[in-house]
Amino acid sequence: MDELAAGQWRVVLDQAHSALRTIAEGVPADAWDRSTPCELWTVTQVLQHATGDQIGYAAAITGGAGPEEDPFAPSGRIEGDKLIGLNAALDASARAWAGVGEDDPQVPTPLPQGALPASVAAVACALDAAVHAWDIAVATGQPSPLHDDLARPLIEVARQIVEPLRAYGAYAAALDPGEEADEVSVLLAYLGRDSRWAESRR
């Protein structure tokens, strides 16, 4: 990634992790079964998926255990505190990335592409956390955690990794963001999401 200075991927990843953690903490108690921009998935299922993905990245790097549940078939049921698993996954992911060199050319990932340069792999991990933070935020009436400075590196990496993932159902077909779209809307549209999803539900 030419746009990120050396080590800046750590900032992007930290922002994305913080966004997901903060948005999950802000979910009202009665909102976990609400629908989300992820078609057919509730807020709980998106949380389970995002949790599993972070465990997957950590496991790829460290060789540790992967998620117990298939992130692409979340049950929609979490016993007890719904945030315990997410917090553990985010902590594990952060620890795993802390051991990665800033310019490591081959970092293992759970993606079909396999190992990627650190700056691409880490921002791919950040992309997953950030977009699911947005999914949960708009589904539960919270402000969007995305902003243009975060979206900029995310869209750059998304354009490198997303196309093969569409075949697996990880992302819907890209939408047209419109000529006047900001960078957040461009990112969301590329990932098959309508930035005005919450408005369309009213």
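**Rings first, then a helix**

Author: Let's start with tyrosine 57, which is buried at a relative accessible area of 4% (buried is under 20%, exposed over 50%, partly exposed in between, with a 1.4 Å probe and protein chains only). Keep in mind that this is a predicted model, where local features need pLDDT of at least 70, side-chain atom pairs count only at pLDDT 80 or more, and totals for chains, interfaces and linings use all residues. Residues are numbered from 1 along each chain as its sequence is written, and side-chain values use heavy atoms, leaving out hydrogens and water.

Now the rings. Searching the whole structure turns up two aromatic pairs (ring centres of Phe, Tyr or Trp, taking its six-membered ring, within 6.5 Å; planes under 30 degrees apart are stacked, over 60 edge-to-face, the rest tilted). Tryptophan 9 and tryptophan 97 make an edge-to-face pair, 5.7 Å centre to centre with 65° between the planes. They sit 88 residues apart, tryptophan 9 in helix H1 (residues 8-25) and tryptophan 97 in helix H3 (residues 83-98); helices are DSSP runs of H or I, at least four residues, and strands are E runs of at least two, numbered from the N terminus. Tryptophan 9 and tryptophan 97 are both buried, with tryptophan 97 at 1% relative accessibility.

Tyrosine 57 pairs with tryptophan 97 too, in a tilted arrangement: 6.4 Å between centres, 40° between planes. Tyrosine 57 belongs to helix H2 (residues 43-62) and tryptophan 97 to H3, so this pair ties together parts 40 residues apart in sequence. Put together, ring pairs join Trp9, Tyr57 and Trp97 into a cluster.

While we're on packing, have a look at helix H6. Six of its eight residues are buried, so H6 is largely enclosed by the rest of the structure. Those buried residues are Val184, Ser185, Leu187, Leu188, Ala189 and Tyr190, and they pack against helix H4 (118-139) and H5, contact meaning heavy atoms within 4.5 Å.

The axes of H5 (residues 148-166) and H6 (residues 183-190) come within 9 Å and cross at roughly 15°; axes are lines fitted to C-alpha atoms, for helices over the stretch in contact, with angles from 0 to 180 degrees between N-to-C directions. On the H6 side, the residues meeting H5 include Val186 and Leu187. Just after H6, glycine 192 takes a positive phi of about 85°.
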